[in-house]
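Reader: I am new to this structure and should like to understand the terms applied to it. Please set each value against the definition behind it.

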Amino acid sequence: MRKMFIAGNWKLNKTARETAEFAASLRRALPPAAHTEIAVFPAHTSLAAAVEALRGSSVGVGAQDVAWEDSGAFTGEVSGAMLKEAGCRYVIIGHSERRQLFGETDKAVNRKLAAALRHGLTPIVCVGETLAERDANRTLAVLDWQLKEGLKGFTAEQAAGWVLAYEPVWAIGTGRNATPQQAQEAQAFIRGFLIKQFGQAAEAMRIQYGGSVKPDNAAELLSQPDVDGALVGGASLEVAPFVAIILAAERAGTSRAAAAMNR
Ligand code: PGA
């Protein structure tokens, strides 16, 4: 059974001081969550503050990006070893904002995945179509291509524990989320791809949905069989909505566990 996973992607928000303050209030507000893994993804310069402030809590910390190289003349880059030493457990790879605004390609995603693997970081690999691609009925073809190129060459053993995120570009930061049915259709397709490449191991891989997840739409999205959590942007910047989404995941995870017991 797959455990729910709620990840807060803070993007270009929160200084180290703001991160420490947020983490302290999150700890106070955090419900017990046996069926939900939780993590936040601050900016690189706020990672250490997040790790320090969340030490001993159930909230993990991850980075928003990683260099594909380990060291050398790569101005502006941060390596997997640096992230690991800062206390990161996870890293987001191939977010659509990196793809669209910073020219990140599927080949880059593939190399960054190798870097995450070398340094023992759990990747959250993002895929998703633009509005034009959806309107042209190309959603599944785009996902297929991104997965084929991004995950190329990795074995089931290497991919154990990896997380995917389906993030339709038209739903990110727009307030317009995919319907639960659209999310399920795309995520079932992603699951099918993973099963083709990795076999049975893919049944254990989590697939998050991302794109305008809010307290009022989380429960329905998270009740879909192939939606194993959420990658949350805007609604993860304040404690109350983030906790509300964690609670929705916990409820969905609890019913999953009950269903599994009854099988
Ligand atoms: P959003 O961002 O929740 O603000 O739409 C999601 C994401 O980009 O990961």
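Author: The model is predicted.

Reader: How do you know that the span of helix H11 agrees with its number of residues?

Author: Helix H11 has 24 residues (residues 239-262), which at 1.5 Å a residue should span 34 Å. The expected span takes 1.5 Å times one less than the number of residues.

Reader: Which residues of H11 are buried?

Author: Val239, Phe242, Val243, Ile245, Ile246, Ala248, Ala249, Glu250, Ala252, Gly253, Arg256 and Ala257 are buried in H11.

Reader: Why is Asn110 called buried?

Author: Buried means under 20% relative accessible area. The relative accessible area of Asn110 is 18%, and therefore Asn110 is buried. This residue is found in helix H5 (residues 106-118). Leaving aside neighbours within four places in sequence, Asn110 is in contact with Glu149, Gly150, Leu151, Lys152 and Phe154.

Reader: What makes the pair of Asn110 and Glu149 a polar contact?

Author: A polar contact requires a pair of N or O atoms within 3.5 Å. A polar atom of the side chain of Asn110 lies 3.3 Å from the backbone oxygen of Glu149, so the distance meets that cut-off.

Reader: Which residues have the most contacts inside the largest nonpolar core?

Author: They are Ile6, Ile190, Leu194, Tyr209 and Leu222, in a core of 64 residues. H11 gives the most to this core, with 8 residues. A second, separate core of 11 residues includes Phe5, Phe41, Ala165 and Leu231.

Reader: With which residues is Leu222 in contact, leaving aside its neighbours within four places in sequence?

Author: Leu222 is in contact with Met4, Ile6, Val227, Gly229, Ala230, Ile245, Ala248, Ala249 and Ala252.

Reader: How many residues surround the ligand, and which are the closest?

Author: The ligand is surrounded by 13 residues, the closest being Lys11, His95, Glu167, Gly173 and Ser212. An oxygen atom of the ligand is 2.6 Å from a side-chain N or O atom of His95. For the side chain of Glu167, the corresponding distance from a ligand oxygen to an N or O atom is 2.8 Å. A polar backbone atom of Gly233 is 2.9 Å from an oxygen atom of the ligand. The protein covers 97% of the 280 Å² of accessible area that the ligand has on its own.

Methods: Residues numbered from 1 in each chain as written. Predicted model: local features only at pLDDT ≥ 70, side-chain atom pairs only at ≥ 80, totals over all residues. Heavy atoms only, no water. Helix = DSSP H or I, 4+ residues; strand = E, 2+ residues; numbered from the N terminus. Buried < 20%, exposed > 50% of the residue type's maximum accessible area, 1.4 Å probe, protein only. Core = buried A, V, L, I, M, F, W, Y, C linked by side-chain atoms within 4.5 Å. Contact = heavy atoms within 4.5 Å. Near = heavy atom within 4 Å. Polar contact = N/O pair within 3.5 Å; in protein donor to acceptor, adjacent residues only side chain to side chain. Areas by Shrake-Rupley, 256 points an atom, 1.4 Å probe, with all protein chains shown as cover.
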